[in-house]
Every structure is written in C-alpha cells, then in structure tokens.
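Here is a colleague's note on a protein model, written for someone who is new to reading structures. Please keep the sequence and the picture open while you go through the points.

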Amino acid sequence: MLDIRRQSAEVRVGIVGTGFIGRIHARAARQAGARLVGVAGADLANATEGAEALGAEKAFESVTELITSGLIDVLHVCTPNHLHAPIALEAMDAGLAVICEKPLATEASTARLMAQRAKETGVSAAVPFVYRFHPMVREARERLTALGRVSLIQGSYLQDWLLESTDDNWRVDPKQGGPGRTIGDIGSHWFDLVEFVTGDRIAKLCAQTSVVVPQRMGGGPVLTEDLATVQFATASGALGSVAVSQVAAGRKNRLFLEVSAASGSLAFDQENPEQLWLGGRGGSEALVRDPLSLSEAARRYSPLPAGHPQGFHDCFDAFVADAYASLSGDAREGLPTFEDGARAALLTDAALRSAQEGGWVEC
Ligand code: SOE
C-alpha cells in the first residue's frame, strides 16, 4: 500500500509489458508526476530493452521480483490478455495498487474473481476504459439526464488493422487473447461506454459473430471472431444494437455511439472527439468542445482551451491521474475499476455464448 508519508510526494510505478500500450501507460504515469521505477518482461533481456525504451530506472528479472521489490506502489499490467489475471492477482495480494489492461481476463469468472480480490485487499484497482475521459463523453452523460426516457442506443466500433490475411497479432490466438477477440478487445470499450453514459444496464443480448479471414500468415484456422453484431435491451427498456469489427476497411478506431431519448439525441464519435452531436426535432447542432460552455463534469477533463484539440493521450493521462489520485483516497467520479472490468467481461462472455448457442442471454 502507498506509504501515507510519501503520497503527496510521488507515486512509484512498475510496468509489465512494453508494447504499444505499455508505452502509453509509461507516458501517462510520467505526465501524472509518478516515478517510473521498474519494468519486467518475458526475461531480463526483454525487461532491459523495455526499461530503456520507457526510460525506467531499473529492469527486473521477473514479475515477482518487481512485485516484491518494495520499490513500487502501483503495477501497470500491459501484457497480452492471458497474463492479466495471474499478474494482477499476485500484485493485489502483495498490497500493490493495480492498473490492468482490458479485457481484465479471458473468462468472465476470472474477471469477477479479480474484482472480488480488489475488494478484499482494499487496493485501488483500475482498468483503462479511457474513452470515458473524453470531455464530450462526460458532457453527453450530463446532458442525457435532462433528455427524458432513452428509447434507442446504437453504434459501432470499427477498425481495419486485421483486414488482410497478412495481418496477425497475439490477440488472434485464443490462448493469448481469449476466446472472444473483437468483442473482448473493442466491444468491451463500447459496452463500458454505453453503460457509463446512460447509467443503464444491458439486461439481455443476442449476438452473431463471423470469422472473415479464415487463415492468417499461413497459420491454422482462425478461431476468434473478426466481427460481431449484438442486439440488446436495457434494464430500463431501451433497445439497442452495435456492430464491432476489426476488418472494416477504412475505419481505424471508430467508436461511435448514439443515444435517442424523449426530447433529444446525442452522438459521439471517438475519431472526432472534439464534437458532440445534439439532435433535436426542431434542429440539431454539433457542439464543439469549449471549456467555457461545458458542464463542470466535462470541464474537469478539458484542460485545453477551445480550438486546441484533445485526444487519446489526454484521455489516458486523465485516467492515470485519476487512478493515482484514488491511491490517496481522492476517489474521482467515473474512474473505471475492476468492477467495471468484470462487468465488461460478463457482457463479452454473454455475447460469445449467445453467438455460439443462438438466442438471447440474460446479463
Ligand atoms: C487494438 O484493437 C486496440 O489498441 C485496443 O486494444 C485498444 O483498447 C483500443 O483503444 C484501440 O485498439
């Protein structure tokens, strides 16, 4: 646990996994004023290379050595998915705060166990559903409360980085990525965002999945879905649908969400995050981010003046800053925790089950 005498001075950070997302975590940690103490990887050579790349003070021979070093307060878990659970559990048991990448685990039951362990140990445990930190997402959440009953929720999360059979990644392999690739990797973000923005819960869903590229890089048959469509109904009675794909040509990271309520609609597009579409029967407008006209909840995540675009890095930085703030008891509204990670894993699991067995699944 964080030493109370040091908490205002610095947060000492360790990172496991130094790929694309590990680098983003390292940058955000620094941005939040933390000290990047150590890196662990597959072996010492890998950790040394990683420590150098991230500018960390020390390379550790193993994850256990880093966890038990007594030199860190928080562990960032940025490995392939199948390693999230064992590492995060070990860190929590050692009393460390954890920031663990999504999906928290490759099965919903393990993700639930992780959320339970976070509760039992009392450590701070956060999961980077970072799209919550776009100011216009916070604005949508605030404004929606005044629009009356939600009738329809729809959208998509589309990428194309796995479009070609020559594209490959550890996420494609169910042993490393888990049984649900596209749903777990990006559907989890969409599910989280929709429940965060509406404050409602998906109560039941019905999904279909498809493998569009049957073989990659001459390997065996692809077993994880390239795309999925999901229909759902929420606890309050709204209906919804979402399409997720990692083979949608031309779409890079397009998370789109539209909510229609009794007296207006809202739409947010992650690739155009400075705007929020406000739909009204008598007229619609694209509200442009301007801290001067945003609600207080959104302004908090809007440090730059209008016309100075904020984006993915800003979201990540804000998420990590809030996660570190929670270490000293400053719990900020909207920090995605392991509870939220377990919830997204449950929805992922429900979608996969529905696609496999056919029909609706309660969630
Ligand atoms: C790859 O699909 C990926 O980097 C995800 O793992 C991230 O969570 C998402 O933000 C962008 O796409």
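This is a predicted model: local features need pLDDT of at least 70, side-chain atom pairs count only at pLDDT 80 or more; totals for chains, interfaces and linings use all residues.

1. Residues are numbered from 1 along each chain as its sequence is written.

2. The domain assignment divides the protein into domain 1 (12-126) and domain 2 (132-308 + 337-362); such bounds come from an automatic or database domain assignment. The C-alpha centres of domain 1 and domain 2 lie 26 Å apart.

3. Where the domains meet, 17 residues of domain 1 are in contact with 18 residues of domain 2, contact being counted when the C-beta atoms of two residues, placed from the backbone, lie within 7 Å. On the side of domain 1 that touches domain 2, α5 (108-121) and β6 each supply at least two residues, and α5 gives the most, with six residues. Sorted by class, this side of domain 1 has eleven nonpolar, three polar and three charged residues. In this classification Ala, Val, Leu, Ile, Met, Phe, Trp, Tyr, Cys and Pro count as nonpolar, Asp, Glu, Lys and Arg as charged, and the others, Gly among them, as polar.

4. For the secondary structure, helices (H or I, at least four residues) and strands (E, at least two) are DSSP runs, numbered from the N terminus, and two strands pair if DSSP finds at least two bridges between them.

5. Which residues of helix α2 (residues 44-54) are buried? They are Ala47, Gly50 and Ala51, where buried means that 20 or more other C-beta atoms lie within 10 Å of a residue's own, exposed means 12 or fewer, and partly exposed lies in between, with C-beta atoms placed from the backbone. Seen down the axis of α2, the buried residues fall within an arc of 100°, so they line one face of the helix; this arc is that of the directions from the helix axis to the C-beta atoms. Among the elements that cover these buried residues are β2 (35-40) and β3. The face turned away from the buried side carries the exposed residues Ala45 and Glu52, and just after α2 comes Gly55, which takes a positive phi of about 75°.

6. A second open sheet has nine strands in the order β14-β13-β12-β11-β7-β10-β9-β8-β15, and its pairing is mixed. At the edges stand β14 (285-288) and β15 (361-362), each with a single partner strand, so one side of each is left without a neighbour in the sheet. Two bridges join β8 to β15 in an antiparallel arrangement, with Lys204 standing opposite Glu362 in β15.

7. Strand β8 (residues 202-210) and strand β9 (residues 227-234) run antiparallel and are joined by eight bridges, and Thr229 in β9 is the bridge partner of Gln208. Seven bridges join β9 to strand β10 (residues 239-245), again antiparallel, and here Thr229 stands opposite Ala243 in β10. The hairpin of β9 and β10 has four residues between the strands, and Gly237 takes a positive phi near 100° in it.

8. Strand β11 (residues 254-261) and strand β12 (residues 264-269) pair in the antiparallel sense over six bridges, with Val259 opposite Leu266 in β12, and the two strands form a hairpin with two residues between them. β12 also pairs with strand β13 (residues 275-279), in the antiparallel sense over three bridges, and Leu266 stands opposite Leu278 in β13. The hairpin of β12 and β13 has five residues between the strands.

9. Finally, which residues are around the ligand? They are Gln159, Asp185, Ile186, His189 and Asn253, a residue being near a molecule or strand if its C-beta atom, placed from the backbone, lies within 6 Å of it. By class, this shell has one nonpolar, three polar and one charged residues.
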